[in-house]
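Keep the sequence and the 3D view side by side as you read. This report walks through one structure, topic by topic.

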Amino acid sequence: MLFLDEFPEFARSALEALREPLESGLITIVRASQRCEFPARFQLVAAMNPCPCGYLGASAPACRCTPAQIARYQAKLSGPLLDRIDLHVQVPALPAADLLHAPPGESSATIRARCAAARERARQRQHSASAPESKAPFQLAPAAAEWLQTAATRLAWSARSTQRVLKIARTIADLDHSDMILTLHVAEAMHYRSAINLP
Ligand SMILES: [Zn+2]
C-alpha cells in the first residue's frame, strides 16, 4: 500500500513517474549504461484537498482561493495519472454534531466477508472463462453496454478509461451477487471517476 497524503504537493516529476509502475507493476531505473527493473506492485491511495485552502464546495467557512489558484492546484495532477486511479471519492466535511452522533458503521469483519465472496465469484468466473463454452468474460447486459458506450463517447474517454470502468462495474456486480453487469453497476462505476468526468 502506498499512501500519498496531500497528493498535488508532490513534485510533478515524481507523480508522473508513478504511471509506469501503476500500469506494469515494474519500475525501470536507467543509469549510465546500466538498466535495472524492480518489482513495484502496490495499491495506491492518495488524498488531496479540493483547493489550496481546503474549503472549496464547503458551506462554511467559504473557500478563499481564486479560480486561477484552484485551476493551478488541480492541474498538478495530469489526466493520464488520474486515468490510472480507478476510484475517486469526494468526502465532504461533516458538521461536528453529525460526526459525534453517527451510528456505528459496518464492522471490518462484515466488509471483509463481502469482499472475499466477491473475489471468489470473480475467481470462479475466470476459471470457467477458460472453458470453451464460456460466455463473454464481462457478461455485460445489452442496455448496460449501450449506456457505457454513450457515456464513453460523450465524455471522450480513452480506451483505457472505458476498459477500467468496465472492470470496476464487473467488481460492483460481483459485490451485488450478479452474474450480469447491469446499467446500475456501470452507472456506479462511472460515478467513481468523477475527477475525470469534470470538464
Ligand atoms: Zn479554497
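## Ground rules

A residue is called buried under 20% relative accessible area, exposed over 50%, and partly exposed in between, using a 1.4 Å probe and protein chains only. Alanine 32 has a relative accessible area of 84%, so it is exposed.

This is a predicted model, in which local features need pLDDT of at least 70, side-chain atom pairs count only at pLDDT 80 or more, and totals for chains, interfaces and linings use all residues. Residues are numbered from 1 along each chain as its sequence is written, and side-chain values use heavy atoms, with hydrogens and water left out.

## Overall layout

The protein has 10 helices and four strands. Both are DSSP runs, numbered from the N terminus: helices are H or I with at least four residues, strands are E with at least two. From the N terminus on, the order is β-α-α-β-β-β-α-α-α-α-α-α-α-α.

The C-alpha trace spans about 60 × 60 × 40 Å along its principal axes. Of the 199 residues, 26% count as buried. Contact means heavy atoms within 4.5 Å. Take the contacts between residues at least 6 apart in sequence: 61% of them join residues at least 24 apart.

## The zinc site

Which atoms coordinate the zinc ion? They are the SG atoms of Cys51, Cys53, Cys63 and Cys65, at 2.2 to 2.4 Å. Cysteine 53 and cysteine 65 both lie in the loop between strand 4 (44-46) and helix 3 (67-74), so this pair ties together parts that are 12 residues apart in sequence. In sequence, the donor residues follow the spacing C-x1-C-x9-C-x1-C. Donors are N, O and S atoms within 2.8 Å of the metal (3.2 Å for Na, K and Ca); water is not among the atoms, so sites may look incomplete.

The arrangement is tetrahedral because the four donor atoms subtend angles of 104 to 112° around the zinc ion. Cysteine 53 is partly exposed, at 21% relative accessible area. Cysteine 65 counts as buried, at 14%.

## Two packed helices

Two packed helices are described by the angle between their axes and the distance between the axes. Axes are lines fitted to C-alpha atoms, for helices over the stretch in contact, and angles run from 0 to 180 degrees between N-to-C directions. Helix 7 (residues 142-154) and helix 9 (residues 183-191) pack at about 30°, with axes 8 Å apart. That angle makes the two helices roughly parallel, a label for angles under 35 degrees.

Helix 7 brings Ala143, Ala144, Trp147, Leu148 and Ala151 to the contact, and helix 9 brings Thr183, Val186, Ala187 and Met190. Eight of the contact residues are nonpolar, one is polar and none is charged. Here Ala, Val, Leu, Ile, Met, Phe, Trp, Tyr, Cys and Pro count as nonpolar, Asp, Glu, Lys and Arg as charged, and the others, Gly among them, as polar.

Arginine 125 sits in helix 6 (residues 108-129). Is arginine 125 buried or exposed? It is buried, at 15% relative accessible area. Beyond its neighbours within four places in sequence, arginine 125 is in contact with Pro137, Gln139, Arg170 and Asp174.

Glutamine 139 lies in the loop between helix 6 and helix 7. Its phi is near 50°, a positive value in a residue other than glycine. Glutamine 139 is buried, at 14%. Alanine 32 also has a positive phi, about 50°, although it is not a glycine. Alanine 32 is found in the loop between strand 2 (26-31) and strand 3 (34-39).

Technical notes. Tetrahedral: all angles 85-135°; square planar, octahedral: opposite > 155°, others 65-115°. Parallel < 35°, antiparallel > 145°, perpendicular 65-115°, else oblique.
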